[in-house]
Amino acid sequence: MSSALGLVSRIRTAFNPPAATPLDNSKPLKFGILGAAAIAPDALINPVKSHPETVIYAVAARSQDRAAAFAKKHGIAKVFGGPNGYQELLDDPEIDVVYNPLPNGLHFEWTMKALDAGKHVLLEKPAANTADETRKMFELAERKGLVLLEAFHYRFHPVAQRVKAILDSGELGAVKSTSTTLTVPRGMFKASDIRFDYVLGGGALMDMGCYTINAMRFFAGAELTAVESERHTLAAPQVDRATTATLALAGGATGTIHCDLGVPPALGLLPRIPEMNATISCERGELRVFNFVMPTLYHSITVTPTDKGTKARVEKAYTFPDLGEPWWTTYRYQLEAFVNKIKGREPHAWVTKEDSVANMEAIELIYAKSGLGSRPKSVYVAPPSD
Ligand SMILES: NC(=O)C1=CN([C@@H]2O[C@H](COP(=O)(O)OP(=O)(O)OC[C@H]3O[C@@H](n4cnc5c(N)ncnc54)[C@H](OP(=O)(O)O)[C@@H]3O)[C@@H](O)[C@H]2O)C=CC1
Ligand SMILES: O=C1OC[C@@H](O)[C@H](O)[C@H]1O
């Protein structure tokens with residue numbers, strides 16, 4: 001009963017966070033959002049409310065009306081609309097940070113332009129359509145002395161960090177295999193969704209597979225060396241609705257990833273529930289994580305050692321000993337780290353350039369094996385000064 005009440009309280013507060021009292025001695029970081037994207041309220045607008053050093057200052061959308069309606073709904077002061085709206089937002093000297101939740105195929109162009117305009121960038125996952133584009137964005141950020149982060153929000157939550165700490169502690173011995181799954185039921189996304197558009201960087205492997213690959217690499221602490229097997233179901237030409245792959249990892253472990261943008265109902269009529277789980281088998285036991293992607297709602301970390309006399313245990317990790325509240329979402333933890341990095345403070349977790357590049361390389365390797373091929377390169381050409 002108490003855990004049911006905890007769940008209700010966490011969800012209610014996560015979606016209606018208490019407003020932070022702005023700090024007297026510092027100017028808040030002003031964020032501008034590119035696109036009136038569906039994910040922006042959860043991933044940034046709500047988290048900003050409880051962060052004392054941030055404010056959402058502007059939004060841009062391709063249509064003036066859409067931008068204005070979004071700004072009104074979310075209490076955003078400045079609106080940029082129309083065909084030049086995105087660039088006008090980047091040109092606004094008031095803005096310190098740009099949030100890029102555009103379709104994957106536009107990540108490269110608008111992140112390069114934002115960095116060119118001298119803005120830090122919080123970039124939605126997956127970083128771009130290709131590893132080469134990912135590398136170029138991070139190189140530009142380095143040259144400009146700006147912070148660029150691929151928004152693998154789950155990595156900033158205590159659950160992911162606790163799982164990693166257990167595995168790294170040696171308690172269960174070396175990782176032998178991982179299985180990471182992210183699926184949602186059919187009907188969650190319309191056929192017209194950006195996720196099913198090849199040119200915009202669609203495909204299950206891009207949208208959800210990027211998490212399963214990232215978690216596999218993070219938990220195993222090893223990079224992919226070969227794609228052993230791959231199978232997929234198409235949603236459109238070159239666009240996978242679902243992908244399953246078995247991967248060889250450096251050091252000898254294997255990883256199985258499974259992602260699906262629309263699992264059909266069981267027996268043709270029973271709706272499915274989303275699956276966001278990981279199982280890590282080690283030399284001396286197994287670790288299972290239930291819901292590593294949205295752990296604030298509910299999660300469990302089950303550790304089952306095979307050593308005689310050692311009992312299985314279930315752990316929860318809603319906060320760090322010295323950071324967070326049970327209602328903090330993965331996005332709120334991510335914002336904490338992102339702001340700390342910009343302010344020159346040590347973040348509690350991070351996703352590095354090398355990590356983001358390796359993740360995109362893995363996606364491209366699996367798409368190569370599938371025969372579907374990488375998502376198309378951006379036609380954007382960076383100015384010679386870059
Ligand atoms: N971190 C997370 O948990 C999640 C991350 N994401 C990521 O965020 C990004 C956006 O996803 P989501 O919010 O679901 O998508 P939406 O379709 O809601 O938003 C995409 C935005 O892109 C803009 N846009 C610009 N050009 C185009 C175009 N040619 N076609 C369609 N849209 C265009 C639209 O802006 P405008 O308003 O200007 O028309 C729209 O608001 C993706 O990269 C996705 O992977 C998505 C969901 C969860
Ligand atoms: O990033 C995401 O996380 C949750 C999924 O439902 C969504 O498709 C994806 O874009």
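**View 1. The shell around ligand 1 takes at least three residues from domain 1 (21-152) and at least three from domain 2 (154-369)**. The domain bounds come from an automatic or database domain assignment. The model is predicted, so local features need pLDDT of at least 70 and side-chain atom pairs count only at pLDDT 80 or more, while totals for chains, interfaces and linings use all residues. Residues are numbered from 1 along each chain as its sequence is written, chains are lettered from A and ligands numbered from 1 in the order written, and side-chain values use heavy atoms, without hydrogens or water. Ligand 1 is surrounded by 24 residues (a heavy atom within 4 Å). Arg62, Arg66, Tyr86, Asn104 and Tyr331 are the closest. Helix 5 (104-116) and helix 8 (204-220) each supply at least two shell residues. Helix 5 gives the largest share, three residues. Helices (H or I, at least four residues) and strands (E, at least two) are DSSP runs, numbered from the N terminus. By class, the shell holds 14 nonpolar, four polar and six charged residues. Here Ala, Val, Leu, Ile, Met, Phe, Trp, Tyr, Cys and Pro count as nonpolar, Asp, Glu, Lys and Arg as charged, and the others, Gly among them, as polar.

View 2. On its own, ligand 1 has 900 Å² of accessible area (Shrake-Rupley, 1.4 Å probe). The protein covers 84% of that.

View 3. Asp207 places a side-chain N or O atom 2.6 Å from an oxygen of ligand 2. For a polar side-chain atom of Tyr211, the distance to a ligand 2 oxygen is also given as 2.6 Å. Lys125 has a polar side-chain atom 2.8 Å from a ligand 2 oxygen. Ligand 2 taken alone exposes 270 Å², and the protein buries 82% of this area.

**View 4. The second largest pocket has a volume of about 180 Å³**. Its lining consists of Phe138, Ala141, Glu142, Leu146, Val147, Leu148, Lys341, Trp350, Val351, Thr352 and Lys353. Seven are nonpolar, one is polar and three are charged. Helix 6 (residues 131-144) gives the most, with three residues. Domain 1 and domain 2 each contribute at least three lining residues. A pocket is an open set of points on a 1 Å grid over the protein atoms alone, where a 1.4 Å probe fits, with protein on both sides within 12 Å along at least five of seven lines; lining residues have an atom within 4 Å of a point. Volume is the space filled by probe spheres set on points joined across faces, edges and corners.

**View 5. A cis peptide bond links Lys125 to Pro126**. Its omega is near -15°. Pro126 lies in the loop between strand 5 (120-123) and helix 6.

**View 6. Gln238 has a positive phi, near 65°**. Gln238 is in the loop between strand 8 (224-236) and strand 9 (239-249). Most residues other than glycine have a negative phi, and most peptide bonds are trans.

Terms used. A polar contact is a pair of N or O atoms within 3.5 Å; within protein, one must be able to donate a hydrogen and the other to accept it, and residues adjacent in sequence count only if both atoms are side-chain atoms.
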